Amino acid sequence: MNIIKDISNSQISFIRVLWCDNANIIRAKAVCVDSVNDQEVAVGISRGQQGVPVMYDGVVAGCGLDPVGEITLKGDMSTLTPIPYAPGHARVMGDMFIEDKVWENCPRGFLKRMITKLQKEGLEVKAAFENEFYLLKQKGNNNHKNIINGLSVEPSDFTPFSSSFSMDLNHNIIMDIVEALIVQNITVEQYYPESGPGQHEITVGYTDALGAASNQIVFRETVKAIASKHNLRGSFLPKIFPDKAANGCHLHLSLWKDDKNILHDPECKYGLSETGKQFIAGILYHLPALMAITTPIPRSYRRIRPQMWSGAYQVWGLNNREAAIRVIRKDDGKLRHFELKTVDASANPYLALGVVIAAGLDGIQEKMVLEEPVQLDPATLSTREMDEMGVKPLPGNMGETLDNLEKDEVILNAMGEDLSRSYLAVKKTEYETLKNLPSAKEVELLLEKY
């Protein structure tokens, strides 16, 4: 099958080759189909791209990278998809190569390495990211200025959680988003208006780990592009309005072996298999470091608060929405997947899913013991009760998580020297800049980025 010839005979003029950098900015270069002569689509990018922060296009100090040298970004042709909201354009996910080898700084390459390591244990992870996002319009004269103080935008509506009226108000744009996702081979499962004004959630079906990370890229791209066509702005920024609901991006995972979901075992305590317990124990153990990657900007920590269903404590529970890890027990008593709540859409999905797999794999290899579940709201416990139960609050700021990541040899070794160095350098630079910005200015800077 000649993919390029088939594309040339279609209405596609350009193929975008995408990459997602350490700042989680989705970038692309587009190749004219007429200039492609074989089965491969590739473009060159600077080595320095993985050292660029969210604030500006320049390489940060200490990342081990500079503008000298070229990286080849090769399109994974198995991901070739026409873009429904951009007629004439198709998309492929890119892998970074240097001298015909996967570059150590490639986030997608890192996730592939973690998938391979898990496969050596005979295991596979299936996953889905669960996104919340705001639809925003340019600020005008209204009676709601108290919740949009200092910002140039306001919510597209002011309806409450799961409002059917919100569904009516937003019917056209939501249907456009859903139809575009389906055309791009993403399974849509549920939709409802979320707690914040103008906030929505669309859940998608699970798939293999690499596919789930790529779906997250497509999801973000689709929402933002279609919102723009409706003269709105779509934003996944973790915290936009100071006193309104934040945007999470919970990560749902299940553990498979020989094409069977092995999370549930009725013979084990809580119905959770031994391998499942070890995998979850590893994630919980490393979570204070993982958060530097799963919740990677200062505004992430304005979302992670007690009694906000965001997982502010280093605990797990069965159907406990205040636990960092919620193991979901269905009415039939079976456990099919669990949810990591300390994730938002400012995280590079390839890196986030990669480090979660690395942590879970460490739990399996070290046979970590999963502590007892917490079946109440941890915020209601006294200090003494927390100590007795081993309940610990998770880091409250980006600085803490970066320190934790620097000390976590398992996660650093999994990432590799080059990727961990460039990532930490980018995130330290972002933290030092963003932590001192006034809230409204920080939001304005990041609103279009995420």
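Reader: Is glutamate 99 buried or exposed?

Author: Buried means under 20% relative accessible area, exposed over 50%, and partly exposed in between (1.4 Å probe, protein chains only). Glutamate 99 counts as exposed, because its relative accessibility is 75%. One caution: this is a predicted model, where local features need pLDDT of at least 70, side-chain atom pairs count only at pLDDT 80 or more, and totals for chains, interfaces and linings use all residues. Residues are numbered from 1 along each chain as its sequence is written, and side-chain values use heavy atoms, with hydrogens and water left out.

Reader: Where is glutamate 99 found?

Author: Helices (H or I, at least four residues) and strands (E, at least two) are DSSP runs, numbered from the N terminus. Glutamate 99 is in the loop between β5 (89-98) and β6 (101-102).

Reader: What is phi of glutamate 99 near?

Author: Most residues other than glycine have a negative phi. Glutamate 99 has a positive phi, near 50°. Tyrosine 270 also has a positive value, near 65°. Tyrosine 270 lies in the loop between β14 (260-261) and α6 (274-294). At 23% relative accessibility, tyrosine 270 is partly exposed.

Reader: How many residues of strand β16 are buried?

Author: In β16 (residues 323-329), 6 of the 7 residues are buried, so the strand is largely enclosed by the rest of the structure.

Reader: Which residue stands opposite valine 327?

Author: Two strands pair if DSSP finds at least two bridges between them. β16 and β17 (residues 335-340) pair in the antiparallel sense over 5 bridges. Phenylalanine 338 in β17 stands opposite valine 327. Strand β15 (residues 313-318) runs parallel to β16, joined by 4 bridges.
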